[in-house]
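Visitor: Could you walk me through this one? I'd like to start with how the parts touch each other.

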Amino acid sequence: MAKQLITLTVNGDEHELAVAPYQTLLEVLRDELGLIGTKRGCTAGSCGVCTVNGEKGEAVLSCCALAVEWHGRSVTTVEGVQEGTELHPLQKMFLEHGAVQCGFCTPGLIMSAKALLDVNTSPTEQDINEAMAGAICRCTGHIKVKVAIREAAKLLRARELQTNEAAAGAAGVNNGAR
Amino acid sequence: MARAKEDLSVVGKNWARLDGADKVTGRSIFADDVRLPGMLYGKVVRSPHAHARILNIDISKAAAVPGVKAILTPEDGKDVWIGMNQPLLPPDGVVKYVGHEVVAIAATSERIAAKAAKLVEVEYEILPSLTDPREAIKEGAIQLHEKAKGNIGWELNLDQGDPDKVFAECDVIREDEFITNASHNCYAEYHVCVSDFSQAGKLVVWTPTQTAILFQKSIAAAFQMDESDVRLLTLNTGGGFTGRTSARPHHYLSALLSRKAGRPVRLRAAGDEEFIMCRAGGKVIYKLRSGASKDGKLKVIEADLLFDNGAYSESQMIVTTLTSKYLHALYPLEASRYRGRLAHTNHLPYYFHHGGGLAQMQFALGQHMDELAHELGMDSVEFGLRNGVEEGYTTPDGTTTYHSCGLKECIEKTAALAGWKDKYGKLPKYKGIGIGIGAMASGAKGLFKHDTSAAMIHVSTDGKASLFIGLPDMGQSSHTTMAIIAAEVLGISPTDIKVVSGDTDTDPFDVGAFTQRGTFNTGNATKSAALDARAQLSGRAASLLECAEDDLVWRDHQVYSRQNPDNKIPFRKVVDQTLNSTEGRFVMGRGYYNSPLEKGSMAYSFGAQIAEVTVDPNTGVVTVDKMTASHDVGRAINPRVVEGQIDGQIFSGMSQVLYEETIMEGGQVMNPSRLDYKMPRAYEMPEVEHIIVETIDPHGPFGAKEVGEGPIVCTMQAIANAVANALGTRIHEMPLSPWRVVKAVKTNK
Amino acid sequence: MQLPEFEYLRPKTLAEGLAALAEHGPDAQIMSGGSDLLINMKFRLDTPKFLVSFNDVAELKAVESLPDGGMSIGAGCTLTQLADSEALKEKYPALHAAVFSVGSKHVRNAATLGGNICLDTRCWYTNQSESWRETRDGCFKTDTELCHVIKGADKCHAINSSDSAPVLMVLGAVVVLASAQGEREVPMLEFYNNDGVDHTALKSSEFLARVVLPKPTGRSVYAKLAQRDGLDFASGTFAAGITGSNEQPESVCLVMGSVGPEPKVLHESAEIIMNQGLNDATIEAAALAARGSLGEVTNLFTPSGYKRRLVKALVKDALNELREQGN
């Protein structure tokens with residue numbers, strides 16, 4: 001059966017790929033694009049290790065997503081999270097708070113947490129549990145992972161505040177209102 | 001005896017793991033990420049039956065599939081042995097467990113390999129099977145191995161002192177029986193092996209492992225090669241939990257396929273295969289009997305353990321050695337009796353789950369002691385303080401002395417922080433509190449022929465260093481810990497050190513990351529190597545500072561004399577001057593550590609954990625509200641990592657005692673998935689309070705001892721005791737699944 | 001595990017999709033979120049020649065308030081979309097709770113309401129890989145007249161595991177089934193069959209297009225028990241709806257889910273409450289009756305004895321909550 005040509009934007013880069021309908025997004029990312037940061041786990045949607053972010057930043061189980069369904073769309077993988085040469089606050093806090101042990105589940109955890117913090121920088125305990133329940137972590141027992149997420153949320157809130165203040169300041173200057 | 005805790009510069013501070021940036025950005029490479037030109041993909045055809053005779057194997061249709069490059073049948077595996085009595089593929093034509101490897105295929109894609117595997121036709125004659133160790137040892141049961149009479153693959157009987165005499169002297173004697181069920185290590189990284197045997201006589205293997213050396217040895221032996229011709233690359237290991245301590249069929253199969261095809265081969269567990277390819281724990285039945293005097297002194301323990309060994313023996317004997325010794329780990333006894341039997345069944349060859357068989361035994365022994373304490377009119381905190389070991393204790397077989405022991409300190413501190421006195425016996429119905437205490441050896445001499453850990457350190461003119469070790473990092477941050485130790489000696493920062501490890505071509509010898517030997521053994525080796533490197537610099541430093549070599553202080557990237565601390569020279573200058581002098585050679589330190597004992601351990605870690613739980617009597621759901629955990633780690637080289645270890649083991653212990661069970665039916669795992677094999681996730685985790693106790697062991701590097709498996713020994717029993725406290729009745733089978741809890745509630749009414 | 005081979009069709013309109021389903025008949029299966037289907041395909045329980053994806057059909061993702069005060073929900077709405085809907089939460093809180101309780105957030109981002117309603121029944125003898133299943137003979141699900149769970153059974157006992165089903169039944173929802181021939185409506189209370197294989201009213205080539213909810217009346221409650229929150233299929237679910245007061249109910253509907261091949265409407269328990277109101281005694285009696293009405297319970301995933309006990313607890317707790325709402 002013929003492969004289909006799809007365009008897929010990954011971490012801001014547009015790719016044209018010939019894929020079979022039965023290839024999952026995970027297989028395409030790893031095997032066609034060489035992006036091995038997203039790991040292969042249970043391949044049945046229950047461990048979360050393969051999590052990437054969709055266009056709305058939502059958590060996507062890439063092992064249970066057909067690549068052809070993502071034609072013309074965009075995804076972000078763990079390779080696209082850092083900001084230039086700086087680590088994203090989530091990555092920084094994972095490191096600083098001991099939330100990384102063997103590291104195999106780490107990309108999946110980071111993408112699951114990022115899906116949450118991208119839309120909510122003041123998550124409750126319930127919000128964090130809800131966002132992370134689909135992702136396994138066998139080494140940390142999730143404990144320091146949740147600490148890291150809370151700390152990253154703090155950093156992101158502070159950043160938001162700075163951005164808002166800067167914007168307000170700029171607006172004030174522009175208005176010339178004194 | 002309080003030992004001085006010196007003021008150290010980098011040891012004892014929180015350090016982020018040195019390879020962490022790679023892990024959070026997805027740059028870390030694991031075996032499944034390895035891409036080699038021309039690589040083929042393997043697929044194993046497995047027995048669907050627990051016990052059967054192979055009547056015929058027809059691979060003709062499979063061989064005809066385009067893209068299939070090699071097929072192995074039992075004939076191909078006949079010279080490869082992966083255990084005392086376990087051949088790689090069954091040459092005698094008898095499969096002995098569901099999932100038993102029969103044929104292996106390598107093809108140009110996973111899809112083609114799977115397609116070909118489906119076309120392999122195997123005819124079986126189903127034979128009766130044994131699926132419970134108690135059935136297996138009964139008179140008249142079918143015999144699975146000629147040499148194992150009564151299906152007992154191994155038996156250890158060990159008496160210390162005269163147990164019968166001591167029992168006769170006891171005022172209180174108690175008997176209990178417990179069961180722990182089969183389980184699976186369940187790491188995030190599925191089993192995988194990439195082998196490149198395309199060059200005759202040279203094999204390169206990429207695989208996650210806890211011990212590159214032992215894998216190298218067994219693979220080399222299997223292929224009758226020199227060890228040095230087998231190169232093992234362990235880039236990153238996605239969790240070990242005692243499940244990656246020996247080479248398994250997939251390691252040998254991927255190598256054999258590669259040799260036959262002349263191309264690299266990747267063989268990975270797909271889906272439920274993960275539950276077959278592993279070394280997990282089997283069912284264990286514990287019969288315990290203990291005696292004490294009425295004033296609360298424990299005098300004697302008798303333990304009879306029956307293990308489901310699975311179909312073949314490999315190194316499971318170790319678990320009888322460990323569990324027999326453990327009777328004497330926590331309490332000075334006048335006598336003991338141990339019988340441990342490994343029974344063959346038609347299950348996969350078991351080993352043990354996270355906890356080394358000891359955490360699981362403590363589920364039984366810790367509850368048994370809890371009951372004994374009650375019969376003596378004490379609570380378990382009192383019982384632990386009354387009977388627990390102290391520094392200076394020597395085991396009755398004379399092999400081990402506790403040169404540091406913080407057990408009682410742990411019990412006291414944990415009880416105080418958890419508010420034991422205000423809660424025990426005072427909680428409302430269905431709320432409970434329980435304690436579990438434990439000890440764990442830091443390495444165990446006598447288990448391996450060659451027990452050395454070695455290290456090398458190479459220092460450059462810029463004052464930075466490369467540290468070569470053979471200890472894998474499977475997440476426990478061992479590499480960073482070693483860097484901290486070396487940095488402390490040299491007076492630099494761990495971030496100045498690159499840890500080079502994971503390639504048997506360059507790794508110094510190290511048995512690996514199990515029996516909890518990393519911090520103690522490799523740590524001492526690392527310290528020794530760093531001291532050696534420093535000694536190569538001392539002469540130059542002393543002459544520059546005009547002082548004696550003994551007066552030198554190495555700290556904060558400076559070197560100075562104790563008598564004249566203001567006159568500092570930068571460390572890199574000392575190195576630079578040493579290397580660039582006219583007779584400059586190199587600064588390369590080497591060191592090793594091999595425990596001076598013949599048997600036993602140089603140091604034990606100790607801990608106490610208190611669990612607070614709420615039980616819903618209608619649904620049987622146990623919520624762990626809080627864990628208060630203390631652990632005597634000698635010295636915390638990296639406190640946050642110690643906390644992380646406690647956290648991870650609380651998770652693992654809680655998971656095993658409340659959730660984990662490979663539900664078996666007819667020898668088959670009914671729940672071989674991350675969905676149906678339950679482990680708690682974010683919602684279920686309790687609040688954890690950590691207390692790090694430091695007794696500064698005289699023999700550990702900077703006083704450090706293990707923390708890699710000590711905490712989990714405390715967890716399961718603490719939670720089980722808390723549940724018993726909440727319900728007023730005790731559950732004797734692990735896991736305490738909701739249906740077992742509900743049954744206990746019903747029976748107790 | 002990899003997917004089997006198939007051809008992929010992506011119609012732009014509902015009509016196009018229905019035509020494709022009609023053309024290919026049993027060779028085609030519907031792809032919405034794929035969170036259940038794709039896994040079953042990896043297990044080779046489903047091996048359609050054609051996968052028809054309706055994800056380009058915008059109308060299937062619409063949520064509309066209806067002039068009669070009810071609501072129409074497109075079957076293609078993701079569960080996250082519905083969980084985030086303030087309108088749904090306000091109007092139909094029990095349905096919102098049910099939708100929110102499905103799987104994990106990751107799963108809900110892809111899973112759809114239509115997919116959840118039509119969720120295939122589950123059994124641990126069949127929801128396994130192809131090679132795993134070779135250990136035993138086939139069963140009703142794989143075209144052999146055999147059941148591994150209940151020996152001698154004359155039909156499949158796989159469990160209906162839809163979390164939304166009990167609530168939709170209690171709320172009196174109606175599903176609109178579309179085909180190339182037109183549309184028909186089926187009340188949710190009539191949608192399921194007591195058969196693990198042929199478990200819904202969906203005919204071949206039919207597509208569940210939307211769910212129509214009547215104007216909300218009275219109070220309703222939903223409860224789910226699973227071993228782990230935010231991830232697992234239920235050990236049991238329960239939905240209850242009542243109009244009128246606790247003392248004088250006008251209508252009562254109670255449905256138990258995840259205990260058998262179809263969600264079980266608890267007629268006896270409902271009658272007790274209708275006749276005597278909602279109070280301590282009737283709640284106890286209704287819970288006991290619920291347990292009694294279970295009939296043959298399988299030991300899939302949890303022992304049957306436990307399930308029976310669970311039913312009583314679940315019903316009791318939920319009915320108490322329902323009563324609280326009316327106070």
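Visitor: How many residues of domain 2 of chain B are in contact with domain 3 of chain B?
Guide: In this predicted model, 7 residues of domain 2 of chain B are in contact with 10 residues of domain 3 of chain B, where contact means heavy atoms within 4.5 Å. Local features need pLDDT of at least 70 and side-chain atom pairs count only at pLDDT 80 or more, while totals for chains, interfaces and linings use all residues. Residues are numbered from 1 along each chain as its sequence is written, chains are lettered from A and ligands numbered from 1 in the order in which they are written, and side-chain values use heavy atoms, with hydrogens and water left out.

Visitor: Where do those domains run, and how many Å separate the centres of domain 2 and domain 3 of chain B?
Guide: Domain 2 of chain B covers 34–127 + 187–240 + 244–277 and domain 3 covers 358–442 + 602–748, with bounds from an automatic or database domain assignment. Their centres, taken over C-alpha atoms, are separated by 38 Å.

Visitor: What area is buried between domain 2 and domain 3 of chain B?
Guide: About 630 Å² is buried there, with carbon and sulfur atoms giving 63% of it; buried area is the accessible area (1.4 Å probe) that two parts lose on being put together, summed over both.

Visitor: And how many salt bridges or polar contacts there?
Guide: The rule finds 0 salt bridges between domain 2 and domain 3 of chain B, a salt bridge being a side-chain nitrogen of Lys or Arg within 4 Å of a carboxyl oxygen of Asp or Glu. The count of residue pairs in polar contact, both at pLDDT 80 or more, is 1. A polar contact is a pair of N or O atoms within 3.5 Å; within protein, one must be able to donate a hydrogen and the other to accept it, and residues adjacent in sequence count only if both atoms are side-chain atoms.

Visitor: Switching to the two chains: how many residues of chain B are in contact with chain A?
Guide: On chain B, 51 residues are in contact with 48 residues of chain A, and the area buried between the chains is about 4000 Å², of which carbon and sulfur atoms give 56%. B:Val24, B:Arg681 and B:Tyr683 supply 18% of the area that chain B buries against chain A, more than any other three residues.

Visitor: How many salt bridges cross that interface of chain B and chain A?
Guide: There are 8 salt bridges across the interface of chain B and chain A. One of them joins B:Asp33 to A:Arg30, whose closest N and O atoms are 2.8 Å apart. The interface also holds 23 residue pairs in polar contact, both at pLDDT 80 or more.

Visitor: What about chain A, how is it divided?
Guide: Chain A is divided into domain 1 (1–80) and domain 2 (82–171). The contact between them takes 17 residues from domain 1 and 13 residues from domain 2. These two domains of chain A bury about 1200 Å² between them, 62% of it on carbon and sulfur atoms. A:Val49, A:Asn53 and A:Val78 supply 36% of the area that domain 1 buries against domain 2, more than any other three residues.

Visitor: How many salt bridges between domain 1 and domain 2 of chain A?
Guide: The count between those domains of chain A is 0 salt bridges, while 3 residue pairs are in polar contact, both at pLDDT 80 or more.
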